[in-house]
Amino acid sequence: MSLTPEQLDAINRMDEIAACWRAISNLMGPDLDISTPESRDDLALLTGFLNNEYEAARSGLESQKQAA
């Protein structure tokens with residue numbers, strides 16, 4: 001059984017969200033250890049993910065504004 005491109009995109013997005021939760025957990029944990037490469041990678045993914053979501057929302061609003 002092969003997955004559709006939409007399903008593969010959804011799985012990739014779920015992996016990104018899981019990494020974001022790990023980054024949040026690392027930042028909120030009592031040890032506050034973001035010194036490991038894996039933790040820094042998760043934090044970079046978190047900030048990149050949030051930036052992409054922001055830009056997508058902004059772009060959506062811009063396209064609606066231009067359509068009106």
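Analyst: A helix here is a DSSP run of H or I with at least four residues, and helices are numbered from the N terminus. By that reading, Leu8 is found in helix 1. The model is predicted.

User: How many helices and strands does the protein chain have?

Analyst: The protein chain has two helices and zero strands. The radius of gyration is 16 Å, well over the 11 Å that the globule rule gives for 68 residues, so the chain is more spread out than a compact globule. Along the principal axes, the C-alpha atoms fill a box of roughly 50 × 40 × 15 Å.

User: What span is expected for helix 2, and what does it reach?

Analyst: The expected span is 1.5 Å times one less than the number of residues. Helix 2 covers residues 37–67, which is 31 residues, and reaches 44 Å from its first C-alpha to its last, close to the expected 45 Å.

User: Which residues of helix 2 are buried?

Analyst: Start with the general idea. An α-helix has 3.6 residues a turn, so residues three or four places apart point the same way. In this structure the buried residues of helix 2 are Ser39, Asp42, Leu46 and Phe49. They pack against helix 1, residues 5–28. Across the protein chain, 10% of the 68 residues count as buried.

User: How many salt bridges does a search of the whole structure find?

Analyst: Look for a side-chain nitrogen of Lys or Arg within 4 Å of a carboxyl oxygen of Asp or Glu. The search finds two salt bridges. In one, Arg13 pairs with Glu53, with the closest N and O atoms 2.8 Å apart. Arg13 lies in helix 1 and Glu53 in helix 2, so this pair ties together parts that are 40 residues apart in sequence.

User: What does Arg22 pair with?

Analyst: Arg22 forms a salt bridge with Asp42, and their closest N and O atoms are 3.0 Å apart. This pair also links distant parts of the chain, with Arg22 in helix 1 and Asp42 in helix 2, 20 residues apart.

User: Are Arg22 and Asp42 buried or partly exposed?

Analyst: The cut-off for buried is under 20% relative accessible area. Asp42 is at 11% relative accessibility and therefore counts as buried. Arg22 has a relative accessible area of 43% and is partly exposed. In the other pair, Arg13 is partly exposed at 37%, and Glu53 is partly exposed at 32%.

User: Which residues make the nonpolar surface patch?

Analyst: Met1, Leu3, Leu8 and Ile11 make a patch of about 440 Å². Leu8 is partly exposed, with a relative accessible area of 42%. For the protein chain, the accessible surface comes to about 5500 Å², of which 59% belongs to carbon and sulfur atoms.

Methods: Residues numbered from 1 in each chain as written. Predicted model: local features only at pLDDT ≥ 70, side-chain atom pairs only at ≥ 80, totals over all residues. Heavy atoms only, no water. Buried < 20%, exposed > 50% of the residue type's maximum accessible area, 1.4 Å probe, protein only. Contact = heavy atoms within 4.5 Å. Patch = residues over 30% accessible without salt bridge, like charges linked within 9 Å, V, L, I, M, F, W, Y side chains within 5 Å. Areas by Shrake-Rupley, 256 points an atom, 1.4 Å probe, with all protein chains shown as cover. Rg over C-alpha atoms; globule rule 2.2 N^0.38 Å.
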